[in-house]
Amino acid sequence: MRYQSQRIAQIPPYMFAEFNKKKRMMQEAGIDVIDLGIGDPDLPTPQHIIDKLVEETADPQNLKYPSFIGCTDFRKAVAAFYQRQFHVELDPETEVLALIGSKEGLAHLVPTVIDPGETVLAPDPGYPPYRMAISLAGGQLYPMPLLEKNNFEPEFQNIPENTAAKAKLMFLNYPGNPTAATVDVDFFRKAVSFAKQHKIVIAHDAAYNMVTFDGYQAPSILQAEGAKEVAVEFGSLSKTYSMTGWRIGYAVGNKEVLRALSTYKSNTDTGQFTPIQKAAAHALTASQESIKTSNEIYAERMKAMTAALKTIGVNTGRTRGTFFIWAPVPDGYTSAEFADRVLEKTGVIITPGHAFGAAGEGYFRLSLSVPTARLTEAINRMKKELTIMTN
Ligand SMILES: *Cc1c(COP(=O)(O)O)cnc(C)c1O
């Protein structure tokens with residue numbers, strides 16, 4: 001009797017399992033563990049969005065099966081958001097698709113676009129669901145190394161000609177997780193031109209498109225001329241409005257890809273609960289004041305943590321987006337050794353860079369999505385216990 005497919009069996013054991021065990025043991029020993037490994041906003045969803053959800057649940061029409069592509073209000077709200085934020089025009093009927101969180105769409109996109117054995121380009125380090133989805137779809141992963149000296153942008157010219165010729169799909173993600181790198185439209189122009197030349201579909205993951213500061217505004221890939229011919233962009237309410245548990249996101253851009261993704265989805269899920277979609281539509285079109293407030297909080301935390309890391313000899317580049325710090329581990333440590341050392345010495349959990357791909361080795365990721373008081377406590381412990389690392 002076999003209970004799982006080869007594809008499931010080959011998924012590596014959960015990489016944080018070992019770490020979680022250590023965390024539990026320390027907690028049982030009475031140590032106050034601070035987890036800077038998670039990427040889930042600590043800030044609450046704005047009340048007006050919750051109120052809208054409650055209001056919409058009162059309408060019996062909203063409690064029936066939702067429409068496959070998403071309710072009209074939500075698709076129109078996404079189009080209005082793109083017009084307002086990026087000056088990009090979208091047809092809500094054909095160029096916007098509702099998702100049950102953007103991770104759902106990113107994962108289902110792979111078997112939508114590729115057949116088993118086909119090649120997919122993905123950033124390394126990158127958000128783990130890309131490579132998991134590629135593996136589950138029987139695809140061939142080609143990792144594109146993101147190097148600091150290139151602003152964590154892939155070097156398209158270094159992708160071998162025969163790989164580029166075979167590739168069917170490419171993932172990109174800016175502002176980036178885990179690198180926190182940001183780009184300008186010019187980078188997207190290069191990506192679109194490369195994709196057109198090699199007939200590759202681009203999936204741009206824009207989960208952090210509104211988590212920006214220092215006057216920086218993240219561009220949409222759809223601002224690059226001709227992007228709609230090859231690109232889809234994935235957006236999410238999760239990080240922007242602290243709505244991770246609500247599971248609502250969207251894909252926009254190329255209609256052929258969206259129609260195909262909608263075919264895949266209509267045979268595997270039946271869309272998100274309509275009141276959630278309507279509350280999300282309200283979030284996108286009502287006052288955006290909460291974004292300003294949350295970004296100010298992240299920027300403050302970023303400043304405090306960056307300064308603290310400096311005192312222990314860790315220098316991070318300028319960060320203009322996401323709530324992550326991506327930094328090199330001090331000399332003489334691997335990522336895993338450094339993360340272990342920090343946990344043992346301070347009770348603070350950080351994520352070793354190799355968890356995001358081989359090219360993440362030598363780095364660690366730290367998330368600022370914990371209450372400021374906890375972050376301050378983490379900072380104080382690190383300053384006190386880790387100064388030795390500068391030696
Ligand atoms: C959090 C995150 C997502 C997932 O967002 P959901 O819409 O909640 O599924 C997608 N991509 C990246 C890079 C993320 O960090």
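What follows is a working chat about a predicted model.

Biologist: Before we start, what kind of model is this, and which residues count for local features?
Modeller: It is a predicted model, in which local features need pLDDT of at least 70, side-chain atom pairs count only at pLDDT 80 or more, and totals for chains, interfaces and linings use all residues. Residues are numbered from 1 along each chain as its sequence is written, and side-chain values use heavy atoms, with hydrogens and water left out.

Biologist: Ligand first. Which residues come nearest to it?
Modeller: D205, Y208, S236, S238 and K239 come nearest, out of 13 residues around the ligand. A residue is near if one of its heavy atoms lies within 4 Å of the molecule.

Biologist: What does D205 sit against?
Modeller: A nitrogen atom of the ligand, which is 2.6 Å from a polar side-chain atom of D205. A polar contact here is a pair of N or O atoms within 3.5 Å; within protein, one must be able to donate a hydrogen and the other to accept it, and residues adjacent in sequence count only if both atoms are side-chain atoms.

Biologist: And which ligand atom is 2.7 Å from the side chain of Y208?
Modeller: An oxygen atom, with the distance taken to an N or O atom of the Y208 side chain. K239 also has a polar side-chain atom 3.2 Å from an oxygen atom of the ligand.

Biologist: How much of the ligand's accessible area does the protein cover?
Modeller: 94% of the 390 Å² that the ligand has on its own. Those areas come from the Shrake-Rupley method with a 1.4 Å probe.

Biologist: Switching to S220. Where is it, and is it buried or exposed?
Modeller: S220 is in the loop between β6 (201-205) and β7 (231-236). Strands are DSSP runs of E, at least two residues, and helices are runs of H or I, at least four, numbered from the N terminus. S220 counts as buried because its relative accessible area is 0%; buried means under 20%, exposed over 50%, and partly exposed in between, with a 1.4 Å probe and protein chains only.

Biologist: What does S220 touch?
Modeller: Leaving out residues up to four places away in sequence, S220 touches Y82, F86, F188 and E233, where contact means heavy atoms within 4.5 Å. The side chains of S220 and E233 are joined by a polar contact of 2.6 Å. The S220 side chain also reaches the backbone nitrogen of L222 at 2.9 Å.

Biologist: There's another serine I care about, S135. Which helix is it in?
Modeller: S135 is in α6, residues 129-136. S135 is buried, at 19% relative accessible area. Its side chain makes a polar contact of 2.9 Å with that of Q10.

Biologist: Now the backbone. Which peptide bond has omega near 10°?
Modeller: The one from N177 to P178, which is cis. Another cis bond joins Y174 and P175, with omega about -15°. P175 is in the loop between β5 (167-173) and α8 (185-198), and P178 is in the loop between β5 and α8 as well.

Biologist: Where does T322 sit, and what is its phi?
Modeller: T322 is in the loop between α11 (289-311) and β9, and its phi is positive, about 70°, although T322 is not a glycine. T322 counts as buried because its relative accessibility is 0%.

Biologist: Last one: which strand does β9 pair with?
Modeller: β12 (residues 363-367), in the antiparallel sense over five bridges. Two strands pair if DSSP finds at least two bridges between them. F324 has S367 in β12 as its bridge partner.
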